[in-house]
Amino acid sequence: MSARVLVIDDEPSVGLLLRLVFDTLDVEVTATTSAWEGLWYLKQTEFDAVFLDASLPDMPDDEVIDRARAIRPAVPIVVMTAEPEHRTRQRARADVVLHKPFRLARLEESLRTACGRVEAEAAHH
């Protein structure tokens, strides 16, 4: 799988972890700790998916999703959260919700699910 992923998480270790995991899948990772910087990257580059932390200090996740959709409406968004599942229903605008701590297999599955939805939608248009 050759793809480009944007990771927006205020914990630098999460971006590093995703870079290490996705590197084995031939996925290029751009990581940032700031919502604003992540949105700037999104304006500059086409990504196959965005992995977004649900609790960034500089912008609420729903606002990041709205702004990301305004920039690139079709990009799939994976929201990463430590919240219990019953509280994540509000994140319905995300394409995939990934619960922390996550298993490595779940990371790959989330990427394939997010990218697969975009490919399926493109095939129907």
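At what angle do helix 2 and helix 3 pack, and how far apart are their axes? Let's work towards that pair, starting with the whole chain.

This is a predicted model, where local features need pLDDT of at least 70 and side-chain atom pairs count only at pLDDT 80 or more, while totals for chains, interfaces and linings use all residues. Residues are numbered from 1 along each chain as its sequence is written, and side-chain values use heavy atoms, leaving out hydrogens and water.

The protein has 4 helices and 5 strands (DSSP runs numbered from the N terminus: H or I of at least four residues for helices, E of at least two for strands). Along the sequence they follow the pattern β-α-β-α-β-α-β-β-α.

Now to our pair. Helix 2 (residues 35-44) and helix 3 (residues 61-71) pack at about 15 degrees, with axes 10 Å apart; axes are lines fitted to C-alpha atoms over the stretch in contact, and angles run from 0 to 180 degrees between N-to-C directions. The two helices are therefore roughly parallel to each other, a term for angles under 35 degrees. Helix 2 brings Ala35, Trp36, Leu39, Leu42 and Lys43 to the contact, and helix 3 brings Val64, Arg67, Ala68 and Ile71 (contact means heavy atoms within 4.5 Å).

What about the interior? Buried residues make up 42% of the 125 residues, buried being under 20% relative accessible area with a 1.4 Å probe, protein chains only. The largest nonpolar core has 21 residues, and Leu18, Phe22 and Phe51 have the most contacts inside it. Such a core is a set of buried Ala, Val, Leu, Ile, Met, Phe, Trp, Tyr and Cys residues joined through side-chain atoms within 4.5 Å.

Conventions
Parallel < 35°, antiparallel > 145°, perpendicular 65-115°, else oblique. Buried < 20%, exposed > 50% of the residue type's maximum accessible area, 1.4 Å probe, protein only.
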